[in-house]
Amino acid sequence: MNEDDAALVRRFKNGDTGAFDLLFKKYQQALYSICYRYTRNEDDARELTQDIFIKIYHNLNKFKENCKFFTWVYRIAINTCISFKRKERPELEIKEYQPNPGERNIILKKAIDDALMKLPGRQRMAFILRHYEGYKFDDIGRIMKISTGAAKANHCQAIKKLRVLLKDWL
Amino acid sequence: MKSCRYSKNIIDYIEGLMPLNERADFESHLKICSDCQKEVNEIKKLYEILNKDEVPELNGIFFEDIRMRISKKEIYYKLPLWKIFGILVPMLTVFILILLNLKTEQMVEFSIPVSELLDDEYLNSLLLDKIIDKKIITNFEILEEYLTPTVEQDLDEMNKDELKVFMEVLSQRYNVTT
């Protein structure tokens, strides 16, 4: 367990709620990024980030120091993301546009959104943790409670599918 | 199309996870295999595209607001519905079972005039001796409707012990506590 995190968790368990504020600040951006990359929607990402921090706060006293704190935090985050039911929102219609170079980025973003959202939850999460968060496969396995091999397989499958889904951009 | 035997290692190569000796081997292969070259280029391009994807900036007020509200317990953990049911349903089941159990174990109060239940003197005596309870009498009354005259006659001819055995057989068969 990261020493700073461990000390902060112990301080929180001893009644120092200020320690939670420090943990919050440390993980806020990373957790929001995961939520956004997973949901591809800012409103959903905000809602999920809030839910994740509420769960962390509620369960922090029960956290046993038998795994790294970040593993525990990320596990809460990915479980919350994977069980999240996306709200129906109207699709942005862009097919009619004749894109200029600036708009091309918007269309690419939409293509990435669509491609990532077509991946199964676990493959998407393994890909996000590896590609965007830079975690090693054994850490991803621990976070997702799967083997290192399974984490790697999920990531590979995600890349294979993304290659097909984004083939027009390659 | 038959895929190249190296193709399954391409992601490891691009991500820098391939051991050095294999890497040199793969790079030699890459010079001569157009399929692998194409695949490496495509995956590199894919990574390039995906790296352009940025998370929108969030102002600090959003995080500050959540942090304050959590610390002040203005927002708190709500148990998901499935968890609430997961706790409530077993609790309710246990509660109902306890209630049912208490009810079945309740003994008959013998202040009820036995003669009103049945006229049979043997049964009355069994009741008075607390060998059987009200429930078995009730069951017996229900069964009585189905008894043939022959069985009724047989019952009349039974002595106290025979009747007791008969009642035990009945109670076992219909799962009634005596």
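Here are some notes on the two-chain model above, point by point.

1. Ground rules. This is a predicted model, in which local features need pLDDT of at least 70, side-chain atom pairs count only at pLDDT 80 or more, and totals for chains, interfaces and linings use all residues. Residues are numbered from 1 along each chain as its sequence is written, while chains are lettered from A and ligands numbered from 1 in the order in which they are written.

2. Overall make-up. Chain A has 8 helices and 0 strands, where helices (H or I, at least four residues) and strands (E, at least two) are DSSP runs, numbered from the N terminus. Its elements run α-α-α-α-α-α-α-α. Chain B has 10 helices, again with 0 strands, in the order α-α-α-α-α-α-α-α-α-α.

3. Burial. Of the 170 residues of chain A, 35% are buried; for chain B the figure is 10% of 178 residues. Buried here means 20 or more other C-beta atoms within 10 Å of the residue's own, exposed means 12 or fewer, and partly exposed is in between, with C-beta atoms placed from the backbone.

4. Contact range. Two residues are in contact if their C-beta atoms, placed from the backbone, lie within 7 Å. Taking the contacts in chain A with a separation of 6 or more, 62% join residues 24 or more positions apart.

5. The core. The largest nonpolar core has 52 residues, and those with the most contacts inside it are Cys35(A), Ala77(A), Cys81(A), Met125(A), Ala126(A) and Ile140(A). Helix 2 of chain A gives the most to this core, namely 9 residues. By nonpolar core I mean a set of buried Ala, Val, Leu, Ile, Met, Phe, Trp, Tyr and Cys residues joined through C-beta atoms within 7 Å. Leaving out residues up to four places away in sequence, Ala77(A) touches Leu31(A), Ile34(A) and Ile52(A).

6. Two buried spots worth a look. Val9(A) sits in helix 1 (residues 3-13) of chain A and counts as buried because 21 other C-beta atoms lie within 10 Å. Beyond its neighbours within four places in sequence, Val9(A) is in contact with Leu60(A), Phe63(A) and Phe69(A). Its C-alpha atom is 9.2 Å from that of Glu65(A), 56 residues apart along the chain. Phe127(A), in helix 6 (residues 121-132) of chain A, is buried because it has 24 other C-beta atoms within 10 Å. Not counting residues up to four places away in sequence, Phe127(A) touches Leu119(A), His155(A) and Ala158(A).

7. The interface. Across the chains, 28 residues of chain A are in contact with 20 residues of chain B. On the chain A side, helix 2 (18-39), helix 3 (42-59), helix 5 (101-117) and helix 8 (148-165) each supply at least two residues. By class, that side has 15 nonpolar, 6 polar and 7 charged residues; Ala, Val, Leu, Ile, Met, Phe, Trp, Tyr, Cys and Pro count as nonpolar, Asp, Glu, Lys and Arg as charged, and the others, Gly among them, as polar.

8. Helix 3 of chain A against helix 4 of chain B. The axes of helix 3 of chain A and helix 4 (residues 60-71) of chain B come within 11 Å and cross at roughly 35 degrees; axes are lines fitted to C-alpha atoms, for helices over the stretch in contact, and angles run from 0 to 180 degrees between N-to-C directions. The contact is made by Arg46(A), Gln50(A), Phe53(A), Ile54(A) and Tyr57(A) on one helix and Phe62(B), Ile66(B) and Ile70(B) on the other.

9. Backbone check. Arg40(A), in the loop between helix 2 and helix 3 of chain A, has a positive phi near 60 degrees despite not being glycine. Arg40(A) is partly exposed because it has 19 C-beta neighbours inside 10 Å. Lys145(A), in the loop between helix 7 (137-144) and helix 8 of chain A, also has a positive phi, near 55 degrees. Lys145(A) counts as exposed, with 11 C-beta neighbours inside 10 Å.
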